[in-house]
Amino acid sequence: MSKVRMKLPVLVSMFLIAALAASAGTISGSIWEGVTGNAIAANIPGTPADVTFTVPNGAIDFNSNGSADYTIGSFLATNPAGATVLTGAGKAGDSLDNTIFLITGLVTVNNGDTFTFAHDDGLTFTIGSDVVVNAPGPTSAIDTTGTYTGASGNQPFTLIYSEVMDPPAVLSVDLPLTGTVPEPVTFAMFGSGLLLLGLSRRFFGKKS
């Protein structure tokens, strides 16, 4: 068998892996220190974030466990699915008090979907232009539910979370993130990859 015949199935397999990876997705987060205000867009500083991170789709579940994990790094590490710090690793040991988070990603939603957040302190959650949860002020640990009233489909979301007034810190929600189901483009890539793999086995799998 020629080198071309040997390599084609490998290349097709890599194509399939890339298609699957495209459906995995991530959520992007930014953290600013020294912010004492409510969780609203106006309080997001106009300066580069002190820390940036990503988490896998569907993974917004942070809890400082009282004061045990009340630093930026340890708080991010409480996420069961993990968190990857992109910039600001040197801030990991800084206190979580007086920080504000901006978390963005994509969700697949239907009009009328509800979302329940466990949080301490405040948060504002927006899908597209629809403010779903508006609870920006300091609070003890509570659950807040909001209903989405916008268009169905894949929509960008923005989650602003602030932590003030000492431990604990809690931020948890289950989101129907886009990456959990391949989008139409990914389906097309995956289907094309399967077709190429079948053809490669048919035409190149024979002995020379």
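**Fold, sheet and cores of the predicted chain**

Of the contacts in the chain (heavy atoms within 4.5 Å) with a separation of 6 or more, 74% come from residues 24 or more positions apart. That number belongs to a predicted model, where local features need pLDDT of at least 70, side-chain atom pairs count only at pLDDT 80 or more, and totals for chains, interfaces and linings use all residues. Residues are numbered from 1 along each chain as its sequence is written, and side-chain values use heavy atoms, with hydrogens and water left out.

As for the overall make-up, three helices and eleven strands turn up in the chain; these are DSSP runs numbered from the N terminus, with helices being H or I of at least four residues and strands E of at least two. Going along the sequence, the pattern reads α-β-β-β-α-β-β-β-β-β-β-β-β-α. The chain has 208 residues, and 38% of them are buried (buried is under 20% relative accessible area, exposed over 50%, partly exposed in between, using a 1.4 Å probe and protein chains only).

Strand β2 (residues 51–56) is mostly covered, with five of its six residues buried. Six bridges tie β2 to the antiparallel strand β1 (residues 26–33), and here F53 in β2 sits opposite G29. β2 also pairs with strand β4 (residues 84–87), again antiparallel, over three bridges; in this pairing T52 faces T87 of β4.

That leaves the packing. A nonpolar core is a set of buried Ala, Val, Leu, Ile, Met, Phe, Trp, Tyr and Cys residues joined through side-chain atoms within 4.5 Å. The largest one holds 33 residues, and I60, F125 and F157 have the most contacts inside it. Strand β5 (residues 99–109) is the top contributor to this core, with four residues. Another core lies apart from it, made of six residues that include V35, I44, I100 and I160.

Key. Pairing = 2+ DSSP bridges.
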